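Reader: Hi, I'm new to this one. Can you walk me through it?

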Amino acid sequence: MTDTARAWQRMLSGRRLDLLDPSPLDVEIADIALGLARVARWNGQTVGKHAFSVAEHSLLVEDLFGRLNADTERRWRLAALLHDAPEYVIGDMISPFKAVLGGDYKAVEHRVQEAVHLRFGLPAVLPAAVKKAIKRADIAAAFLEATQLAGFSRAEATKFFGRPGKIGGETLESLFMLEAQPVARAETRFLERFKQLSG
């Protein structure tokens, strides 16, 4: 037994991602897709036969971002798809627990996010306007997931996530009906969308 704690995660691709100093060279999209498809949103507390995965959430956020920012560059849509990519290795924690953990968790998350961005040709740190627009789509997605999958009333979800707004005069609830998919389907859809946006 060594005195040095292991700080890397071995991936099925064979890569070893160092959480303290992640290299873009150790980031593979297949690892991200698999990991995110197997990580449950809302700690798995959602209706349906399958957990609603971070991969599915990422697809939803990218779709919302694209609809809300119709003239945006394709690379920013890719950034929206990858906005939660670090969770393939650090998992998804609900916001209240992230607040308890504080700075150390955020520091690891940011380092992995920067490595992911660099691996796929994005700036390590996104422009503030793009980051804000992705966050808006992220919050809208959380509202839809909360009300359709996680048992929140509309009033309760509005309190935590704000009013979801409209796209083209239609409410988000009328545009999106969420249903969790099997892991393999979520993984495949994520990979397909990545290829479309990065190709």
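**A loop and a core**

Reader: Why does Trp-42 count as buried?
Author: Because its relative accessibility is 17%; buried means under 20% relative accessible area, exposed over 50% and partly exposed in between, with a 1.4 Å probe and protein chains only. This is a predicted model, where local features need pLDDT of at least 70, side-chain atom pairs count only at pLDDT 80 or more, and totals for chains, interfaces and linings use all residues. Residues are numbered from 1 along each chain as its sequence is written, and side-chain values use heavy atoms, without hydrogens and water.

Reader: OK, and where is Trp-42?
Author: In the loop between α1 and α2 (helices are DSSP runs of H or I, at least four residues, numbered from the N terminus). Trp-42 has a positive phi of about 60°, though it isn't a glycine. Asn-43 sits in that loop between α1 and α2 too, with a positive phi of about 55°, and it isn't a glycine either.

Reader: New topic: how many residues has the largest nonpolar core?
Author: 53, with Ile-32, Leu-64, Leu-82, Phe-120 and Phe-190 having the most contacts inside it. Such a core is a set of buried Ala, Val, Leu, Ile, Met, Phe, Trp, Tyr and Cys residues joined through side-chain atoms within 4.5 Å. Elements giving two or more residues to this core include α1 (29-38), α6 (103-119) and α7 (128-148).

Reader: What does Ile-32 touch?
Author: Beyond neighbours within four places in sequence, Ile-32 is in contact (heavy atoms within 4.5 Å) with Val-27, Ala-85, Tyr-88, Val-116, Phe-120 and Phe-190.

Reader: And which residues does the second core include?
Author: That separate core has five residues, among them Phe-143, Ala-146, Ala-150 and Ala-157.
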